[in-house]
Amino acid sequence: MNYADIIIIGGGPAGMAAALAAYEAGVRDILILERDAALGGILQQCIHNGFGLHRFGEELTGPEYAARYARAVREKQIPCLLNSIVLSLSQDRTVTVMRPDGGLSHIRAGAVVLAMGCRERSRGALSIPGSRPAGIYTAGTAQRFVNIKGMMPGKDVVILGSGDIGLIMARRMTLEGARVHAVCELMPYSGGLNRNIVQCLQDFGIPLLLSHTVSRIHGDRRVCGVTISRVDEHLQVVPEDSRYIPCDTLLLSCGLIPENELSRGAGIRLDPVTGGAVVNERRETSLPGVFACGNVLHVHDLVDYVSEEADLAGRAAADFVLHSEKKPSPICRIHVQGGVRYTVPQQIRVGSGEVRLYFRVGRIMHHVNLLLRDGEHILFRKKKQKMTPGEMECIVLPAEVTAALGNEAVLSAEEESACAKKN
Amino acid sequence: MREKELTCIVCPMGCTLHAEIDDDGNILSVCGNTCPRGAAYAKAELTHPTRTLTSTVRLQNRDALLPVKTDRPISKEKMADAMKILRTVSACAPVHIGDVILHNLLGEADLVATGDVE
């Protein structure tokens, strides 16, 4: 059977950064498996700018950001198998891969980095009533049509969901001559970045209808319109507050789901909230020697943070391969309370040095007290002016805090009601 | 004097900016920004708003599109005109990131490739 020290599943931003980090850490026998015909993943179709401000201190487009990593992978001569799809991963870290020139093969790995990215939530997952005509696309599919294939999916567009891809596509379709009639968002706040609401919607006079959803899709062969409705505070449609918008295209930008079929098949423990693996601070999953990073682990706002996380996972995979003798460290499980929905990592090895703990909140919160507690004992505290579900938050736990962790700790976010009243 | 609220689009932070403007349209102060670029953005946005335009152009000798951008921000109100011009532009592979595809687009910026096609 073939063998590689480190196999990286996925050649997008996470996979490339993990490969480079493992290379820098001294591993040479690395193999990237990518099912597309080129490295770069979803960045290839993200032709807009705004990538790389943290990582490179400049504003790059998606293809430019991807190219920096792809060039480095080429320069280091890290092997990549393109057009190669991984069918399964087993518990002994054997990867089964199908490729056009070599058929089916099994490759054993010293360590594996999962970097498969995520998928868009589709119409089927949203249960919108109505007929099933042509003209309904996820925003990312439309993006691929427009930016890679040079085809416009339609002329009169309604977008459901205000995730960043939906906002970006509202601008893109408008620039290419389509009329975008509205972006409907079920929640009372947008899931996208503020800057995208400004430069993708307000710049073009596209209305953002908060607390609105598409309650019916009309059309026989092709979409001819949608009924949009206001929703109440329980997110239920208010039928009397509905109107019909004629359109030939409905784009869906309603959330992303980490793509973890392979992880599930390998019996890796998943977090029901993130949809990704449960990991420790070096992004190691419940299967020793298997690491995860990027959007397959949890959906990130910015590719810069994906690259940063992939660095960690790649270094850790290298460390696993190079120094396999290791005494197990005690683990602290991080639980969440109050407004906090999840944390990544979900576990921290006690005494693992400085750790950046990423998390999201479930609602918009003002004047927030963030507390990391072990019982009554407060390990770490921080105040935040404002937190929104659309933005990933981070606290940096100093080494002395991670050294003092017990078996369990709780991260909570509570609003200071007294402060809120003052404003 | 009037006050204007803006969302900064310079980086993904999306700071809320408050600008004070006098009756002649002069900007008296900007606050709410967490970096100097935010203040510069507010001044530009209230006097002469600009955007970097990203799009694609056709490749004459490949069955693919080439992603492009303006190498600096252009006037916001010229974006639609710029798109009209881009529809008539095509490039030839091989082409690399940073190659100028069109000089002096509307007198405001060069159009450069943002992808490599061999």
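How close do the axes of helix α4 and helix α5 of chain A come, and at what angle do they cross? The legends below take this view first.

This is a predicted model, in which local features need pLDDT of at least 70, side-chain atom pairs count only at pLDDT 80 or more, and totals for chains, interfaces and linings use all residues. Residues are numbered from 1 along each chain as its sequence is written, chains are lettered from A and ligands numbered from 1 in the order in which they are written, and side-chain values use heavy atoms, with hydrogens and water left out.

**View 1. Helices α4 and α5 of chain A cross.** Two packed helices are described by the angle between their axes and the distance between the axes. The axes of α4 (residues 139-149) and α5 (residues 164-175) of chain A come within 9 Å and cross at roughly 35°. Helices (H or I, at least four residues) and strands (E, at least two) are DSSP runs, numbered from the N terminus. Axes are lines fitted to C-alpha atoms, for helices over the stretch in contact, and angles run from 0 to 180 degrees between N-to-C directions. The crossing of α4(A) and α5(A) is left-handed, a term for a near helix turned anticlockwise from the far one by less than a right angle. Residues of α4(A) including A:Ala139, A:Gln143 and A:Val146 meet residues of α5(A), among them A:Ile165, A:Ile168 and A:Met169; contact means heavy atoms within 4.5 Å.

**View 2. Five strands of chain A form an open sheet.** The order is β22-β20-β27-β24-β25, with mixed pairing; two strands pair if DSSP finds at least two bridges between them. At the edges stand β22 (347-349) and β25 (377-387) of chain A, each pairing on one side only. Neighbouring strands of this sheet are turned by 20° against each other on average, direction ignored. Strands β20 (residues 331-338) and β27 (residues 408-415) of chain A run parallel and are joined by six bridges. A:Arg333 has A:Glu408 in β27(A) as its bridge partner.

**View 3. Three strands of chain A form an open antiparallel sheet.** The strand order is β14-β15-β16. Since β14 (212-219) and β16 (237-246) of chain A are the edge strands, each has a single partner strand, so one side of each is left without a neighbour in the sheet. From one strand to the next, the twist averages 25°. Six bridges join β15 (residues 223-231) of chain A to β16(A), and A:Ile228 stands opposite A:Arg243 in β16(A).

**View 4. A salt bridge links A:Asp203 and B:Lys76.** The N to O distance is 3.1 Å; a salt bridge is a side-chain nitrogen of Lys or Arg within 4 Å of a carboxyl oxygen of Asp or Glu. A:Asp203 lies in the loop between α6 (194-201) and β13 (208-210) of chain A, and B:Lys76 in the loop between β7 (74-75) and α2 (79-86) of chain B, so the pair joins two chains. By this rule the count over all chains is 27 salt bridges.

View 5. Most residues other than glycine have a negative phi, and most peptide bonds are trans. A:Arg93 has a positive phi of about 60° although it is not a glycine.
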